[in-house]
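Work through the exercises below with the sequence and the model open beside you, and try each task before reading its solution.

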Amino acid sequence: MKNFKLMHDSQCIIHNFLFWLLPLVFSCFPLFPQETYLEKVELEELPPADDYYIDDSPLHQILRLFDEEDYERQKKFLEQKQRKIIKEAGGIKIPGDSFSQGIIHDYIARYMTRFGKQNLYKILDDGEIYRLYVRQEIKKHGLPAALEYLPLVESEYKPTAKSRSGARGLWQFMENSMQPFLKKNEWLDERLDPWKATEAALKKLEDNYKTFGDWPLAIGAYNCGAGAMRRALAKSPVKTFWYLSEH
């Protein structure tokens, strides 16, 4: 059961790395309007994996609704061309092994479909005012540019977003993870302030990086919690994000 739980933890973590790929795809296509719906479950709030498993993040909902015929057509088109090894995305290094590259190219094919582009670009367009601020703060802190797309995965760039488990705001802070970065009382919830929440999230990501010494692990820990990441690494013979994702 422990191995089964670890496998599902890794699946949840790997799903959230796909925002690294978005800069590679978003620069190629125009925007399309489409309504989207937000709901998200935090990893540490889930029931035991041997009961059932939920990944209800916004992008996962999009994946479940893909036109498979469109996806297969895009995937075949990419496979017919010489596959390019993607070594870096948004300031984050990508391994050249077949597992890592295979997943990346699969997601590129998915988000090159009509449905994928419509939904993702609608989110980017609606959240532009916040994205530009996030981009500015990322540059100010000297952090990887790919972090601009983390709120896309977390909240679809909606500052009032609320998950089933109680995460709130643009960066989806839980109450037990907002200290000492943000304040909450009967009059105030700073998780809903996109400007303060952005500063808090970037500080938390910086702290994760100092803890794990690796950006993929730091980003994974933002999603599942630093404690869950430490437990996963303790069980893993290889201490890398990509090994956890594969195994």
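The model is predicted, with local features requiring pLDDT of at least 70 and side-chain atom pairs pLDDT 80 or more, while totals for chains, interfaces and linings use all residues. Residues are numbered from 1 along each chain as its sequence is written, and side-chain values use heavy atoms, without hydrogens and water.

**Exercise 1.** Classify the ring pair of Phe173 and Tyr222, and then the pair of Tyr209 and Trp215.

Solution. Begin with the rule: rings of Phe, Tyr and Trp (its six-membered ring) pair if their centres lie within 6.5 Å, and planes under 30 degrees apart are stacked, over 60 edge-to-face, and the rest tilted. The structure holds six such aromatic pairs. For Phe173 and Tyr222, the centres are 6.3 Å apart and the planes stand at 75 degrees, so this pair is edge-to-face. Both residues, Phe173 and Tyr222, are buried (under 20% relative accessible area; exposed is over 50%, partly exposed in between, with a 1.4 Å probe and protein chains only). Tyr209 and Trp215, at 4.6 Å centre to centre and 15 degrees between the planes, are stacked. Tyr209 is partly exposed at 34% relative accessibility, whereas Trp215 is buried at 14%.

**Exercise 2.** Is Asp189 buried or exposed, and which side chain does its own side chain join in a polar contact?

Solution. Relative accessibility is 15% for Asp189, which therefore counts as buried. Its side chain then joins that of Arg191 through a polar contact of 2.9 Å (N or O atoms within 3.5 Å; within protein, one able to donate a hydrogen and the other to accept it, and residues adjacent in sequence counting only if both atoms are side-chain atoms).
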